[in-house]
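Let's take a walk through a protein model together. Have the sequence and the 3D view open, and try to find each part as it comes up.

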Amino acid sequence: MSHHLSNDIKREIDQIKVPEKELNQVIQSAIKNSKEKKPTFKKRLLYFGSVAVLLFGLFISSAFISPAMAKVASKIPYFGQIFEPKSDIVSDIAKELRKRGYKISGVGVSYPKKEIQVEIDGSGSYISKVRGEVEKITQEILQSKNYDAYTFKISKYNDYKGRGDAEKDKRNKEFEEEYTKVHQVIHKELTKRGYNLLSYGMSYKPKTLEIEIPKTETRIKELKQVVNHTFKLNHVDLIPINIKKVDMVKKEQENRWSDIVDIMSADLLGKKEYKVRMTGFSVHPEPEVQAFITLSSSEEHSKEFAEQLEKVIDNFLQSDQMETRVRGESYHIKIFSKDNKVIN
């Protein structure tokens, strides 16, 4: 497999419906806190569930809207060269701009618009002075990766908060301060007692202590007693404790297949060439790789295209380079049309 999934596919994804208000809140929050590492808002939204994980913000195209689509589909090349995750485009841009001395408060990307947002911290005159340079550097980075699906916007970092936001932040800060002082004590005590804490944290709405532990753990009553006792000793109000038991075998499998799908998606994200609007996967009850294309089930030749795309994905998963990740596990590949029907 020496070919790379490339060429001849184009456009359409803005129809994807996502919770815009919530999405914008996540993006704005993440932008203000981004660092030179993979940010949580990066290239896609993750919807975790027992059924599937959908990776939003992928590749689109218009080249198959002609009667000749079947002929074109038969020539879809294989993507056999993307075997290691590429560096994150948001991190690359932020790192390069900061390395060159620009006052960058954050870099983010929104989907499905595929708009990279660069926020500059400084006066209006400073931003006017560096805007052209920042745009040029950002464009050069995108071009170096052949990412032609992105647009980008340069804006001024705005740390202004209205009264409502300020009051909300104050409440959040009080909550964080109250429970941060007992966090380390609780974590230390539970670890000392041999609990394997997979994740541990507190949520504000509703106020809850969230703890993930292996499903083999049976000392749930003792765990809650330790936590509540620590709260009382420190005169902190008790809050509900949400214990989630995790199947460690499935967790490892889910992490591994998440990497597999990430490898498949990384280089495809920024290119217009691809006819896939999002990808996903599930490991329940067994691995399933999903591709959501922009063709409707009623569109001429969509089935032929889906079947060809399935072969492309299957060849990738069976490649020598993916052998250590797939580990010989049985899997399914489903291609969904724009109207969410399986068409392969």
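S110 stands opposite E115 in β4. That pair belongs to the join between β3 and β4, which run antiparallel and are held together by 6 bridges. Two strands count as paired here if DSSP finds at least two bridges between them. Helices (H or I, at least four residues) and strands (E, at least two) are DSSP runs, numbered from the N terminus.

A word on how to read all this: the model is predicted, so local features need a pLDDT of at least 70 and side-chain atom pairs count only at pLDDT 80 or more, while totals for chains, interfaces and linings use all residues. Residues are numbered from 1 along each chain as its sequence is written, and side-chain values use heavy atoms, with hydrogens and water left out.

Now back to the sheet. Its 3 strands come in the order β3-β4-β5, and this open sheet has mixed pairing. β3 (104-110) and β5 (151-156) are at the edges with a single partner strand each, so one side of each has no neighbour in the sheet. From one strand to the next, the twist averages 15 degrees. Strand β4 (residues 115-120) pairs with β5 in the parallel sense, over 6 bridges. Within that pairing, E119 has S155 in β5 as its bridge partner.

Two helices go with this sheet. Helix α3 (residues 89-99) packs on it, touching β3 and β4, and its direction makes about 160 degrees with that of β3. Helix α4 (residues 124-144) also packs on the sheet, touching β4 and β5, and makes about 160 degrees with the direction of β5. For these angles, axes are lines fitted to C-alpha atoms (for helices, over the stretch in contact), and angles run from 0 to 180 degrees between N-to-C directions.

How covered is β3? 7 of its 7 residues are buried, where buried means under 20% relative accessible area, exposed means over 50%, and partly exposed is in between (1.4 Å probe, protein chains only). In α3, the buried residues are I89, V90, S91, I93, A94, E96 and L97. The cover over them includes β3, β4 and α4. After α3 comes G101, with a positive phi near 90 degrees.

For a closer look, pick T138, which lies in helix α4. T138 is buried, with a relative accessible area of 0%. Leaving out residues up to four places away in sequence, T138 touches I93, L97, V118 and F152; a contact means heavy atoms within 4.5 Å. T138 and L97 are 41 residues apart along the chain, and their C-alpha atoms are separated by 8.2 Å.

There is another open sheet of 3 strands, in the order β6-β7-β8 and again with mixed pairing. β6 (199-203) and β8 (241-246) are the edge strands with a single partner each, so one side of each is left without a neighbour in the sheet. On average, neighbouring strands here are turned by 20 degrees against each other, direction ignored. β6 pairs with strand β7 (residues 208-214) in the antiparallel sense, over 5 bridges. In β7, I211 is the residue opposite Y200. Helix α6 (residues 220-233) lies across β7 and β8 and runs at about 145 degrees to β8.

Here are the strand pairings side by side:

| Pair | Sense | Bridges |
|---|---|---|
| β3 and β4 | antiparallel | 6 bridges |
| β4 and β5 | parallel | 6 bridges |
| β6 and β7 | antiparallel | 5 bridges |

## The whole chain

Of its 344 residues, 46% count as buried. Among contacts in the chain with a separation of 6 or more, 72% come from residues 24 or more positions apart.

Helix α8 (residues 302-317) has 16 residues, which at 1.5 Å a residue should span 22 Å, and its end C-alpha atoms are 23 Å apart, which agrees. The expected span is 1.5 Å times one less than the number of residues.

Finally, how far can you trust it? The chain averages a pLDDT of 75, and 70% of the residues score at least 70; pLDDT is the predictor's confidence in each residue, from 0 to 100. Over residues 1-75 the pLDDT is below 50, though this stretch has 216 contacts in the model beyond near neighbours in sequence. Where pLDDT is low, the predicted coordinates should not be read in detail.
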